[in-house]
Amino acid sequence: MDIAAQQGYREAGRPEVSKTAKVIAGGSIGEGLAGAAAIVLSILGLVGVYPDLMAAVAAIAFGVALLVGGGAISSRVRTLMEESTRSNFDMAEVGGGLTAEFLAGMAGVVLGILALFGILPQLLLAIAVIVFGGALVVSSSTTQELNYIAANRYENETARMVAREAVGAAASLQLLFGIGAIIMGILALVDQPQAIFTLIGLLTVGTAGLFSGTAITGRMTSLFRRR
(Lines give C-alpha, C1' and ligand atoms only; values in the text may rest on other atoms or scores of the structure.)
Protein backbone atom coordinates (compact mmCIF):
# COMPACT_ATOMS: atom_id res chain seq x y z
CA MET A 1 0.00 0.00 0.00
CA ASP A 2 1.50 3.39 -1.03
CA ILE A 3 1.75 6.44 1.24
CA ALA A 4 -1.31 8.16 -0.21
CA ALA A 5 -3.45 5.05 0.25
CA GLN A 6 -2.23 4.63 3.82
CA GLN A 7 -3.09 8.26 4.57
CA GLY A 8 -6.55 7.80 3.07
CA TYR A 9 -7.10 4.69 5.19
CA ARG A 10 -6.12 6.54 8.35
CA GLU A 11 -8.37 9.46 7.50
CA ALA A 12 -11.33 7.13 6.87
CA GLY A 13 -10.78 5.41 10.19
CA ARG A 14 -10.51 8.54 12.31
CA PRO A 15 -14.21 9.13 13.00
CA GLU A 16 -14.61 5.55 14.24
CA VAL A 17 -11.56 5.84 16.50
CA SER A 18 -12.84 9.16 17.83
CA LYS A 19 -16.20 7.58 18.62
CA THR A 20 -14.50 4.66 20.35
CA ALA A 21 -12.37 7.00 22.44
CA LYS A 22 -15.40 9.07 23.44
CA VAL A 23 -17.45 6.01 24.43
CA ILE A 24 -14.66 4.58 26.56
CA ALA A 25 -13.87 7.97 28.08
CA GLY A 26 -17.54 8.40 29.01
CA GLY A 27 -17.65 5.00 30.65
CA SER A 28 -14.41 5.69 32.48
CA ILE A 29 -15.78 8.98 33.80
CA GLY A 30 -18.75 7.07 35.19
CA GLU A 31 -16.41 4.51 36.72
CA GLY A 32 -14.31 7.25 38.30
CA LEU A 33 -17.35 9.02 39.75
CA ALA A 34 -18.76 5.79 41.20
CA GLY A 35 -15.32 5.01 42.62
CA ALA A 36 -15.25 8.45 44.25
CA ALA A 37 -18.70 7.80 45.73
CA ALA A 38 -17.42 4.52 47.20
CA ILE A 39 -14.48 6.40 48.74
CA VAL A 40 -16.74 8.99 50.39
CA LEU A 41 -19.17 6.37 51.68
CA SER A 42 -16.35 4.24 53.07
CA ILE A 43 -14.81 7.19 54.88
CA LEU A 44 -18.18 8.10 56.38
CA GLY A 45 -18.53 4.53 57.60
CA LEU A 46 -15.03 4.53 59.08
CA VAL A 47 -15.76 7.65 61.12
CA GLY A 48 -18.89 6.04 62.54
CA VAL A 49 -21.69 7.28 60.30
CA TYR A 50 -23.94 4.21 59.87
CA PRO A 51 -21.02 1.88 58.99
CA ASP A 52 -23.14 -1.07 57.81
CA LEU A 53 -25.34 1.13 55.63
CA MET A 54 -22.38 3.02 54.16
CA ALA A 55 -20.55 -0.23 53.41
CA ALA A 56 -23.56 -1.70 51.61
CA VAL A 57 -24.13 1.40 49.50
CA ALA A 58 -20.40 1.64 48.75
CA ALA A 59 -20.43 -1.96 47.51
CA ILE A 60 -23.35 -1.16 45.22
CA ALA A 61 -21.61 1.99 43.98
CA PHE A 62 -18.42 0.17 43.10
CA GLY A 63 -20.38 -2.65 41.49
CA VAL A 64 -22.01 -0.06 39.26
CA ALA A 65 -18.57 1.41 38.54
CA LEU A 66 -17.33 -1.93 37.21
CA LEU A 67 -20.47 -2.43 35.12
CA VAL A 68 -20.27 1.04 33.57
CA GLY A 69 -16.55 0.96 32.85
CA GLY A 70 -16.51 -2.61 31.56
CA GLY A 71 -19.64 -2.10 29.49
CA ALA A 72 -18.19 0.91 27.70
CA ILE A 73 -15.00 -0.94 26.81
CA SER A 74 -16.87 -4.08 25.75
CA SER A 75 -18.97 -2.11 23.28
CA ARG A 76 -15.88 -0.90 21.42
CA VAL A 77 -13.35 -3.65 21.99
CA ARG A 78 -13.38 -4.87 18.37
CA THR A 79 -12.49 -1.40 17.10
CA LEU A 80 -9.72 -1.18 19.67
CA MET A 81 -8.32 -4.48 18.44
CA GLU A 82 -8.39 -3.32 14.82
CA GLU A 83 -6.75 0.00 15.65
CA SER A 84 -4.02 -1.46 17.83
CA THR A 85 -0.53 -1.21 16.37
CA ARG A 86 0.56 -4.15 18.51
CA SER A 87 0.94 -7.45 16.72
CA ASN A 88 0.43 -9.26 20.04
CA PHE A 89 -2.85 -7.64 21.04
CA ASP A 90 -4.32 -10.31 23.31
CA MET A 91 -8.06 -10.38 22.70
CA ALA A 92 -8.53 -13.31 25.08
CA GLU A 93 -6.74 -11.48 27.87
CA VAL A 94 -8.76 -8.31 27.39
CA GLY A 95 -12.00 -10.28 27.11
CA GLY A 96 -11.20 -12.16 30.30
CA GLY A 97 -10.63 -8.91 32.17
CA LEU A 98 -13.89 -7.44 30.90
CA THR A 99 -15.80 -10.58 31.85
CA ALA A 100 -14.29 -10.48 35.34
CA GLU A 101 -15.32 -6.82 35.73
CA PHE A 102 -18.86 -7.49 34.56
CA LEU A 103 -19.37 -10.51 36.83
CA ALA A 104 -17.79 -8.77 39.80
CA GLY A 105 -19.95 -5.70 39.21
CA MET A 106 -23.13 -7.76 39.11
CA ALA A 107 -22.08 -9.71 42.21
CA GLY A 108 -21.23 -6.52 44.08
CA VAL A 109 -24.59 -4.92 43.32
CA VAL A 110 -26.50 -8.06 44.37
CA LEU A 111 -24.47 -8.57 47.56
CA GLY A 112 -24.80 -4.89 48.47
CA ILE A 113 -28.57 -4.99 48.03
CA LEU A 114 -28.86 -8.14 50.13
CA ALA A 115 -26.74 -6.49 52.83
CA LEU A 116 -29.06 -3.47 52.78
CA PHE A 117 -31.92 -5.81 53.65
CA GLY A 118 -29.96 -7.15 56.60
CA ILE A 119 -29.14 -10.56 55.14
CA LEU A 120 -25.76 -11.51 56.66
CA PRO A 121 -24.35 -8.04 55.90
CA GLN A 122 -20.85 -8.53 57.29
CA LEU A 123 -20.33 -11.84 55.53
CA LEU A 124 -21.74 -10.73 52.19
CA LEU A 125 -19.87 -7.43 52.15
CA ALA A 126 -16.58 -9.14 53.00
CA ILE A 127 -17.18 -11.50 50.07
CA ALA A 128 -17.96 -8.49 47.85
CA VAL A 129 -14.61 -6.91 48.77
CA ILE A 130 -12.77 -10.13 47.85
CA VAL A 131 -14.66 -10.32 44.55
CA PHE A 132 -13.86 -6.68 43.76
CA GLY A 133 -10.19 -7.22 44.56
CA GLY A 134 -10.05 -10.26 42.31
CA ALA A 135 -11.65 -8.30 39.47
CA LEU A 136 -9.05 -5.54 39.83
CA VAL A 137 -6.24 -8.07 39.67
CA VAL A 138 -7.62 -9.82 36.60
CA SER A 139 -8.59 -6.61 34.75
CA SER A 140 -5.26 -4.86 35.35
CA SER A 141 -4.13 -6.33 32.00
CA THR A 142 -7.11 -4.67 30.30
CA THR A 143 -6.11 -1.30 31.70
CA GLN A 144 -2.58 -1.88 30.45
CA GLU A 145 -3.78 -2.75 26.93
CA LEU A 146 -5.99 0.35 26.71
CA ASN A 147 -3.26 2.67 27.94
CA TYR A 148 -0.72 1.06 25.62
CA ILE A 149 -2.95 1.61 22.61
CA ALA A 150 -3.39 5.26 23.54
CA ALA A 151 0.32 5.71 24.18
CA ASN A 152 1.19 4.43 20.71
CA ARG A 153 -0.96 7.14 19.11
CA TYR A 154 1.44 9.90 20.17
CA GLU A 155 3.50 11.16 17.25
CA ASN A 156 6.43 12.29 19.39
CA GLU A 157 8.72 9.43 20.41
CA THR A 158 9.51 11.01 23.78
CA ALA A 159 5.80 11.35 24.55
CA ARG A 160 5.30 7.71 23.60
CA MET A 161 8.09 6.60 25.91
CA VAL A 162 6.73 8.61 28.83
CA ALA A 163 3.20 7.31 28.22
CA ARG A 164 4.43 3.73 28.05
CA GLU A 165 6.22 4.13 31.37
CA ALA A 166 2.96 5.37 32.85
CA VAL A 167 1.23 2.26 31.48
CA GLY A 168 3.23 -0.13 33.62
CA ALA A 169 2.83 2.07 36.69
CA ALA A 170 -0.96 2.29 36.30
CA ALA A 171 -1.38 -1.45 35.82
CA SER A 172 0.91 -2.22 38.76
CA LEU A 173 -0.99 0.19 40.99
CA GLN A 174 -4.32 -1.42 40.11
CA LEU A 175 -2.82 -4.84 40.79
CA LEU A 176 -1.59 -3.75 44.22
CA PHE A 177 -4.97 -2.23 45.09
CA GLY A 178 -6.64 -5.48 44.08
CA ILE A 179 -4.34 -7.58 46.23
CA GLY A 180 -4.84 -5.20 49.15
CA ALA A 181 -8.61 -5.46 48.82
CA ILE A 182 -8.46 -9.26 48.78
CA ILE A 183 -6.41 -9.22 51.98
CA MET A 184 -8.89 -6.85 53.66
CA GLY A 185 -11.79 -9.06 52.61
CA ILE A 186 -10.15 -12.17 54.01
CA LEU A 187 -9.39 -10.40 57.28
CA ALA A 188 -13.01 -9.31 57.47
CA LEU A 189 -14.04 -12.96 57.19
CA VAL A 190 -11.69 -14.32 59.85
CA ASP A 191 -10.97 -11.46 62.23
CA GLN A 192 -12.58 -8.63 64.17
CA PRO A 193 -13.70 -5.91 63.74
CA GLN A 194 -15.25 -7.08 60.48
CA ALA A 195 -16.82 -3.73 59.58
CA ILE A 196 -13.49 -1.89 59.75
CA PHE A 197 -11.70 -4.32 57.43
CA THR A 198 -14.64 -4.30 55.04
CA LEU A 199 -14.74 -0.51 54.88
CA ILE A 200 -10.99 -0.30 54.36
CA GLY A 201 -11.32 -2.82 51.53
CA LEU A 202 -14.10 -0.79 49.93
CA LEU A 203 -12.02 2.37 50.33
CA THR A 204 -9.18 0.59 48.55
CA VAL A 205 -11.23 -0.57 45.57
CA GLY A 206 -12.96 2.81 45.34
CA THR A 207 -9.57 4.51 45.13
CA ALA A 208 -8.49 2.04 42.45
CA GLY A 209 -11.67 2.75 40.48
CA LEU A 210 -11.12 6.50 40.72
CA PHE A 211 -7.50 6.30 39.59
CA SER A 212 -8.21 3.81 36.82
CA GLY A 213 -11.20 5.76 35.51
CA THR A 214 -9.26 9.02 35.55
CA ALA A 215 -6.24 7.50 33.81
CA ILE A 216 -8.25 5.87 31.02
CA THR A 217 -10.35 9.02 30.55
CA GLY A 218 -7.19 11.07 30.11
CA ARG A 219 -5.70 8.64 27.59
CA MET A 220 -8.89 8.32 25.53
CA THR A 221 -9.59 12.06 25.61
CA SER A 222 -6.13 12.68 24.17
CA LEU A 223 -7.02 10.33 21.30
CA PHE A 224 -10.17 12.06 20.09
CA ARG A 225 -8.70 15.53 20.63
CA ARG A 226 -6.07 14.71 18.06
CA ARG A 227 -8.68 13.55 15.54
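**Aromatic pair and overall fold**

Modeller: Searching the whole structure turns up one aromatic pair; rings of Phe, Tyr and Trp (its six-membered ring) pair if their centres lie within 6.5 Å, with planes under 30 degrees apart called stacked, over 60 edge-to-face and the rest tilted.

Colleague: Which rings, and what geometry?

Modeller: F62 and F132, with ring centres 4.9 Å apart and planes at 75 degrees, so the pair is edge-to-face. This is a predicted model: local features need pLDDT of at least 70, side-chain atom pairs count only at pLDDT 80 or more, and totals for chains, interfaces and linings use all residues. Side-chain values use heavy atoms, leaving out hydrogens and water, and residues are numbered from 1 along each chain as its sequence is written.

Colleague: Where do F62 and F132 lie?

Modeller: F62 is in helix 2 (residues 51–83) and F132 in helix 4 (residues 121–151), so the pair ties together parts 70 residues apart in sequence. Helices here are DSSP runs of H or I, at least four residues; strands are E, at least two; numbering starts at the N terminus.

Colleague: Are F62 and F132 buried or exposed?

Modeller: Both F62 and F132 are buried (under 20% relative accessible area; exposed is over 50%, partly exposed in between; 1.4 Å probe, protein chains only). Of the protein's 227 residues, 46% count as buried.

Colleague: How many helices and strands overall?

Modeller: Six helices and zero strands.

Colleague: Changing topic, what is the average pLDDT?

Modeller: The average is 75, and 56% of the residues score at least 70; pLDDT is the predictor's confidence in each residue, from 0 to 100. Residues 1–13 fall below 50.

Methods
Contact means heavy atoms within 4.5 Å.
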